[in-house]
Structures are given as structure tokens and as C-alpha cells.
Amino acid sequence: MSLIAVGTMAYDAIETPFGKTDKIIGGSATYVAYAACNFVQPINQISIVGYDFSKTEMEALENRGVNLEGVKIIPDKKSFFWSGRYHLDMNTRDTLVTDLNVLADFNPVVPDNYQGSEFLMLGNLMPRIQIDVIQQLKKRPKLIVMDTMNFWIESAMDDLNKVLKMVDVLMVNDSEARQLSGQFSLVKAAREIMKMGPKYLIIKKGEHGALLFHDNNVFFAPALPLEEVFDPTGAGDTFAGGFIGHIAKTKDISFANMKTAIIVGSAMASFCVEKFGTERLKEITRGEIDERINQFVQLVQFDIALV
Ligand code: AMP
């Protein structure tokens, strides 16, 4: 059971209608790791941070079975910084600042003992880096999943087109799917995006759940209706971590198992939004996860007699 997770390890400043934080730990790879480590360990992390990244936070990740050998520390530069403000619906947000800092000239080196990892989660970051990691792997993983966002669709489409041809599963949110495909209908968008490379496509719709597409098949997983959503930051990455964590644990890459993985991802994301940043993910137990997955089963289970 081996999983490589690539992505940003960052500082975030978040504003929601309910509160504000100055600088807290975030980043796509951080959220992926906190979610996936509940299912598989070690998580072979690949990322980059600056001198300002907290040692305590690094240790907290190591204590969760996250291998940081592939995380480069740059002594004279700052970590990736992102700032965002959520709208009242908590489903949409504006990016206020993206400071690439250390990320700008990151040339990842895959450590020798990461070679042979069976699963690869390419978290949201520069497509050039996603390509670089795939190319360094001597044996292609059983499944390569990638995430991306509007920032890269707008600034690095050439590289994005290349990496899309190299992966099995793409995860994006609904507005990114529309932006990437030029189609408004998500069904049409999915068809177009699957022509660009990935055989499977997951479209995340925030509080409205997620769709999984493959050939002519579609599966829908709801999001758990929560009384309070405190901070949606990282929900997408946490979803990704739960998804790949389940797949890596079961080693089953069938469409049927991806359906289960989407439910697991949704369950993990539902924890993430309950507190600011990674706070909630740091405290959850296996028991709570199982209970929540059960809530999902109850949410969608019904009998119907056709009359
Ligand atoms: P999510 O809410 O799942 O889309 O992810 C939020 C996380 O993504 C934050 O913790 C940010 O640090 C990180 N992030 C924001 N913009 C980018 C970007 N352009 N590339 C990589 N990571 C990013």
C-alpha cells in the first residue's frame, strides 16, 4: 500500500462570513495527506516549503505517517501563500492573493524509496511539476489521479493539456469543468474533458455533492447536509485524499470501487469544513469516520417498488 501525494504546502489567509484567519497551514498536499493517512501509511509526500514553514506542523504530519523526505525546504524563500474570501453561499470564493514564492522554481526530485509506489495523487499545483513527477517514476503507478484549478487553467493551459493525457482520473469543480471544456452542460463538459485524456472524471459541486463519469456511466454522491459550514477551504483536496486513500487501501481501481471512494471522499470533506483549515482533520478518529460514512449510506438508501 504505497501512495505518493504531490501538491502545495502553504500558508493561507481565509475570510468567511463567519470569521477570518491571518496565516494558517494549508496547501493541497497538506489536506490530501491529512485525509489519506486515515486509510494508508506512509503517505510519500512531495512538496516544497520556505524557511517560514512551522517545524511543529511538519512533525504533526510525520506523526500521522506522512513521509517528508520528498519535501524540499528552501532556507531563503517564503512558502507558497494563498488568500481567499468566501461568498455568503460558502460555495463560491474569490482568490485575493496567490504568491507562488518557493513554488515558482520548484524542480521536484522523487526520492529513491518512493519509486514503485502503486498510487499517485497529483494535488493541485503547477502542471509542469505534475508532469515532472510522472516522468521521474520508473514504473507507472496503477492509478494516477490529478486535481487542478482555474488558476492553472488560466495560466498554464499548454502544460495542463500535456498532463491530462498522462493521468487516469481528473478532479475539478463544476466551474472549472465548464471553463476547461467550454461547455455549460456538465454532461457535455465531461464528454469533452474525457476526450482530452482522463478516462474518469470527477466533478465536485461543493454542497451539492460530486459526479463521477466514465464512458457513458455516471454516478452521483451527495454532500452531507451540515447544519454549519465553517470554512470550505481544503474540502476539495480532502475529498481527493479520502478518494485516493480508499483506492490505495483496497487496491481496487474498478468503477464500482471508485463509487465507494467518492463516498469516502465526501465523508472526509464533510469533516474538513466543520472548522478552520486543517483543525478538524487533525482530531478525527477512525470511529468518527466510519460513523460518518454510515450517515451517507442512510442518506441515499431507499427502496422503491415500481407500480
Ligand atoms: P481547495 O479549497 O480544496 O480548493 O484547496 C484550498 C487549498 O489550495 C489552500 O490551502 C491553498 O493553499 C491551496 N491553493 C490555492 N491556490 C492554489 C494553486 N494555484 N495551486 C496550488 N494550491 C493552491
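**Entry 1: the cores**

I looked up the largest nonpolar core, and it has 61 residues. A nonpolar core here is a set of buried Ala, Val, Leu, Ile, Met, Phe, Trp, Tyr and Cys residues joined through side-chain atoms within 4.5 Å. Buried means under 20% relative accessible area, exposed means over 50%, and partly exposed lies in between (1.4 Å probe, protein chains only). The residues with the most contacts inside this core are Leu3, Met9, Ile43, Val145, Ile202, Phe243 and Met258. Helix α9, residues 255-272, gives the most to the core, with 11 residues. Helices (H or I, at least four residues) and strands (E, at least two) are DSSP runs, numbered from the N terminus.

I noted that this is a predicted model, where local features need pLDDT of at least 70, side-chain atom pairs count only at pLDDT 80 or more, and totals for chains, interfaces and linings use all residues. Residues are numbered from 1 along each chain as its sequence is written, and side-chain values use heavy atoms, with hydrogens and water left out.

Next I picked out phenylalanine 243. Which residues does phenylalanine 243 contact, leaving aside its neighbours within four places in sequence? I found Val145, Met171, Ile202, Met258, Ala261, Ile262 and Gly265. Contact means heavy atoms within 4.5 Å.

I also found a second, separate core of 49 residues. Met126, Ile153, Leu180 and Leu211 are among its members. In soluble globular proteins, nonpolar side chains tend to be buried together.

**Entry 2: the ligand**

I turned to the ligand and its shell. There are 20 residues around the ligand. To be near, a residue needs one of its heavy atoms within 4 Å. Asp12, Gly27, Arg93, Gly234 and Asp237 come nearest. I sorted the shell by type and got 10 nonpolar, 7 polar and 3 charged residues. For this sorting, Ala, Val, Leu, Ile, Met, Phe, Trp, Tyr, Cys and Pro count as nonpolar, Asp, Glu, Lys and Arg as charged, and the others, Gly among them, as polar.

Then I checked polar contacts. A polar contact is a pair of N or O atoms within 3.5 Å; within protein, one must be able to donate a hydrogen and the other to accept it, and residues adjacent in sequence count only if both atoms are side-chain atoms. An N or O atom in the side chain of threonine 8 is 3.0 Å from a nitrogen atom of the ligand. Arginine 93 has a polar side-chain atom 2.8 Å from a ligand oxygen atom. Glycine 236 uses its backbone: an N or O atom there lies 3.1 Å from an oxygen atom of the ligand.

How much of the ligand's accessible area does the protein cover? It covers 94% of the 500 Å² that the ligand has on its own. Accessible areas come from the Shrake-Rupley method with a 1.4 Å probe; for residues, only the protein chains shown count as cover.

I listed the elements that give two or more residues to the shell: β2 (10-16), β7 (80-86), α4 (150-155) and α8 (235-250). Of these, α8 gives the most, with 3 residues.

**Entry 3: two loop residues**

Is asparagine 38 buried or exposed? It counts as buried, because its relative accessibility is 17%. Asparagine 38 lies in the loop between α1 (28-36) and β5 (43-50). A polar atom of its side chain lies 3.0 Å from the backbone oxygen of tyrosine 34. The backbone oxygen of alanine 35 lies 3.1 Å from a polar atom of the asparagine 38 side chain. Leaving aside neighbours within four places in sequence, asparagine 38 is in contact with Arg64, Met268, Ile284, Arg286 and Ile289.

Threonine 278 is in the loop between α9 and α10 (286-300). Its relative accessible area is 5%, so threonine 278 is buried.

**Entry 4: backbone angles**

Most residues other than glycine have a negative phi, and most peptide bonds are trans. I looked for exceptions. A cis peptide bond joins glutamine 41 and proline 42, with omega about 0°. Proline 42 is in the loop between α1 and β5.

Aspartate 215 is not a glycine, yet its phi is positive, about 45°. I found it in the loop between β13 (210-214) and β14 (217-221). Aspartate 215 is exposed, because its relative accessible area is 57%.
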